[in-house]
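Subject: Structure for your reading

Dear colleague,

Please find the structure below, followed by an account of what was found in it. I would be grateful if you read the text with the model open beside you.

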Amino acid sequence: MGADVTGTDAIVLAKEVKKTYDTGKVKVDALRGVNLAVKEGEMIAVMGPSGCGKTTLLNCLSGLDDITGGEIFIRGTRLSDMDDRTRTSYRAEKIGFIFQAYNLLPVLTSAENVELPLLISGTPPKEARKKAMEALKAVGLEEWQNHKPSELSGGQQQRVTIARSLVNKPEIVFGDEPTGNLDSESSKEIMVLLRDLNKQNRQTFVIVTHDYNVGKLADRIVMMRDGKVEKDFAPQPF
Amino acid sequence: MNSATQLLLIVLLVLAVVGVLVLRRRTLAKMAVRNVWRKRKFTVIITAGLLIATAMISGSLVMADTLSYLIKKDTFDSTGAVDIVISVKDNTSRDVYFDQSVATNLMVAIAGGNANYLDGAAPAVRESVSVLDQANGLPYPSATIFGVNLSQSLDPLLDENGNPVTPDDISGRNVVINQGLADELNANPGDTIEIIGPTNVPEFAVVSHVAYNSGLGRWQNEKLVFVDLSYVQNDVMLQPNDINRIDVSAAGSIDEGYLVSDQAVTQLKGLLPPGYDYVFDEVKKDGVDAAKSTADQISQLFIIMSSFTIIAGIALIINIFVMLAEERKPEMGISRAIGMQRGDLTQTFLFEGVVYALFAAAIGSIVGLAIAGVMMGLFSSVAGGGLAFTLHFEPSSILVAACAGFLITLLTIVVASWRVSKLNIVRAIRDIPEPILAKSGRKYLVTGVLSIALGLLIFASGISSKQAAGIYAGPSLILLGISMALVKNVNPRWTFTVSGMFIIWWTLDPTNLHPYLFGALKSGMEMFILTGILLVIAGVLIAVFNSDLLLGGLVRTGGKKRSLLPVFRVAISYPMNKRFRTGLSLFIFALIMFTVTVLAMIASFERESVDAMTQQFSGGFELMGISIRDIPTNAFSAQVQDLTDSGVISRVEPSVTAPIAIIKNGANETVPYMLLGMSQSMLEQNAFSLLMRSSDYASDSEAWNAVAHDPGVAVIDGTVRGQTYGPSSGTLRVDLGQTLTMVMSDGHQVHVKVIGIMDQTMNMAVFTSSDFVKNNTYVVQQNLFYIATAHQSGWTDDEVAKELEKRFVTYGLRVYVSRDTIQSYMGIVSSTMQLMEIFLGMGLVVGISGLGIITIRSVAERRQEIGVMRAIGFQRRMILGTFMLETSYVSLLGIVMGVLLGLALSYRLYDWGGFSKYSAFVIPWVDLLMLVAIAFLITLAATLPPSRGAAKLAPAEALRRVD
């Protein structure tokens, strides 16, 4: 079972993607030929048991990691054709990331963390701060702009991460267990927030989670097992 | 029990205690040992950091051993079998001749077995003579003629090939000269030399050999002419059957006799006939004692100076252990969670520390040998003359260094282990950073109050004992205590900044408040270390608690180029988030740079002083001539008439001298001294500067005028004040306004009030008018000449000096060039400072390795953050830039802070050390900048590899959670 990999309207397209980790002693096949197409503006949840290759797939799709076989296209451009520099710039401009909690830079304040991607892509500092404040407002944290991560709750930290991932209006947002360290109440809040942002901004979301309550908020759930896509379905609307 | 044995026993005791602990908690010991081997690269770095203390101590001790050995060897080489020299003095401490039978009878007594502490004795005549080589006309005015009876001599006199000189070689008109004199005269065997002794009758002799440069041939390192004893007695001194020395060998070999020197003297006193005032000069023992005391001084000086490096090393050890603990925090948390006590964690670290400390002590003492080798090599090249040396060390020195280093390291590790074992289990397991100022308010309050109490105690004891150390440290500690006590109530930025500023102000005392409040204070070398530590701690506190302001400024400036802004922002935010770690690194860098800067500044003052000192010390006279025999004033003028006429010499001021003894203040002891009389006209326009002057006189020249006309007052040389920097000579200490009691050659006493103490220390004398000298003693010598030269004549001062020595060779005139004398004296002092700089510069290794370790650790602990940064768009070079900028920020801040504080203290030392009188405040910018550049570049080189590693991390790899 696989996705429609012929679709030309796909913003992210994976064809027979393979990834093998070679630790020297053992070889681990983390991805064994994944096919996946993500349409623009779509929100998909990648789910599956521990070790099925969810995070690896996300890392490969976002260009954080190299693949050992197959092809990945982002907006029709083959990722493997880009060098590290181009890929990094691409990430800075077009991609947003939401990781598990505690992935903010602990030494920077909320506002500084959020504006960092803008500064990297050369936005003037004043404009960057303005956009960062808008993003913080969008996640309801404009009051917390001068606090460092250690002074925020887990849910608040994750909302800062979301603000950071959205501040440069990326085309695609990748989230790796964005609610992984949160209680169920905060998880729901975060997912609703992501859902709203997705609908408002028409941005594409690829979210890895092992929590069905989170997954069911997506347009589509991609179930993985043993490095392959096992099922691909739309959840019941909530 | 000597110190080496004591230290060894302490170390063994500590190891025994650790051994018992290991037996009781084997699992912990196993964990510790496995931790050591877990990351070998890190083990190597840790050991390198830990061995610094041992290496510095070992280096200092080995240098002292080598110097002691050199001086001892020189003593043995230049005195041979002779341990004691007997002479006879009259009541003005002048040598007199006595009958040779005294020596003969002594020799008979020793040969008869009546003296178990004595090996032998030999009669000798030693007298100052002037020598002139007829072949090339070169003079040497202060040689020693050595009358020796070869058949009785205690040491053989050897020729240049090491063969014994025969009686024929030194009989009649044949003489043997030694290598020292041959070098001065440029003389060779076969040359005819002219010898002028006290009788002023020139004797002509032919050099048969140049003696082998050891033993008798190097006697007391003097320039020697060996002649047959009876020839000296009859033909040179005109004192048949009289001698002025008996050389005595104490029982035992050349290097053992001095051990029974005192017993030998007691025995000699019983054997010698009464009627003479004997003087026993224990040459060998004194030489060995001098070697020991020089070695002690050197080792103390270097150990005191290296305490800066050792303190920096201790800070590094703490830093290393705190980081080790941070790295292992999750596992430590888990250990605590499953039931390990805090003490168990401390013990595990302690066991691990013992392994490192043992490695470090062993390797450190060997590294110290290498440091000593490098330093001695530099020392010999600075000392000039190609001083040959072989590294020499006593095994006990290495043992002391290893034991002391081990104990310092272990003590630091115990403290560090105790500190790191205090952790919050949950935060540890989840690897969440401890909040800044995590301690409870009560703990800070208690620590603060204790510090205040301790500070008050130190302050009070400083005031009562007039010790500068207590007065400086006490209030500083009180302020720090107040800051700590108020942590929870007042923003620590304000309290600690105020404390820091107060400590700097109090230590530098720019308004001279201390003398006003506390009067004159006692202080020594320890003050240098204390002020250094206080200033640097204060600087670090101010920097750490105000870093955000500094950073704001830096980010604004550095981030002007838009692409650099994110790099700047991240790079300088990290160091300030780990304040303890950054503070320690800053402390290490600043402390070392502070010391090196102060030393460089003192060396600069010394160099800059030469001109002014020459002017002030020499009274404007470029040359000073001292003759063995009186030169009548008119004879002198007549013989230099042509030089005066042609403008080579512009002025000659003859002075008179007389031997006197000064009664030491409050003691029954007398010190032989010189009374010096200047002419009225010279005194009236005297330009010799005064270090201290009685307040009765408005200027130095007024004081000199008083000396010219008032027989009740005098001025004395500068040696009576001792020396703050550099070696001090003379044992007499005199205060301004003190009345001196002088014993004249006929025994009567004269009193003068000291109204001035001179700057110059080269000519040790009581300065009065020539009339005063003539009116008070019969023994007046016309033997001192102050000579001013005219520089436009085309003659150098050295040439004029050589010419005068040649013209007055019959009088044994020795001419000193003031500038040369001062320059060589200041040169030695400033070279010593520079050597010290290099020695301490090695301490920079501590700072640099510290930052290297921190960078390696930062890369490891920030893996995930690096991943995030890469994910959100940081390029590789931006990651590299972030780390390099961070390192540069810490190292440059430390370096600049150290240099600035060093300059500030130097500015005060400029006044306190009396440099302002002679030298301009010249900052050796080139030296300092070079130092800063080298320190900074090496730091960058050390931190580049781990930073590169960080930049190369693959983002997905970095993001993967490791725990």
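This is a predicted model: local features need pLDDT of at least 70, side-chain atom pairs count only at pLDDT 80 or more; totals for chains, interfaces and linings use all residues.

In what order do the strands of the open sheet of four strands in chain A stand? The order is β2-β1-β4-β5 of chain A, and the pairing is antiparallel.

Residues are numbered from 1 along each chain as its sequence is written, and chains are lettered from A and ligands numbered from 1 in the order in which they are written.

Confidence in chain A

The average pLDDT (the predictor's confidence in each residue, from 0 to 100) of chain A is 84, and 94% of the residues score at least 70. Over residues 1-6 of chain A, pLDDT stays under 50. For those residues the model has 15 contacts beyond four places in sequence, a contact being two residues whose C-beta atoms, placed from the backbone, lie within 7 Å.

Overall form of chain A

Chain A has seven helices and ten strands; helices (H or I, at least four residues) and strands (E, at least two) are DSSP runs, numbered from the N terminus. The C-alpha trace of chain A spans about 45 × 40 × 40 Å along its principal axes. Of the contacts in chain A with a separation of 6 or more, 70% are accounted for by residues 24 or more positions apart.

The sheets

Strands of a sheet pair through backbone hydrogen bonds, either parallel or antiparallel. Here two strands count as paired if DSSP finds at least two bridges between them. Strand β1 (residues 10-22) of chain A is joined to β2(A) by ten bridges, and the two run antiparallel. Opposite A:Lys19 stands A:Leu31 in β2(A).

Strand β7 (residues 172-176) of chain A has parallel partners. Four bridges pair β7(A) with strand β6 (residues 95-98) of chain A in the parallel sense, and A:Phe97 has A:Phe174 as its bridge partner. Five bridges join β7(A) to strand β8 (residues 204-208) of chain A, also in parallel, with A:Gly175 opposite A:Ile207.

Why is β7(A) largely enclosed by the rest of the structure? Five of its five residues are buried, so the rest of the structure largely encloses this strand. A residue is buried if 20 or more other C-beta atoms, placed from the backbone, lie within 10 Å of its own, exposed if 12 or fewer, and partly exposed in between. A:Ile172, A:Phe174 and A:Asp176 point one way from β7(A), whereas A:Val173 and A:Gly175 point the other way.

A:Val206 touches residues including A:Val12, A:Ile172 and A:Phe174.

Finally, the contact between the chains takes 25 residues from chain B and 26 residues from chain A. On the side of chain B that touches chain A, the largest share, seven residues, comes from α19(B).

With kind regards
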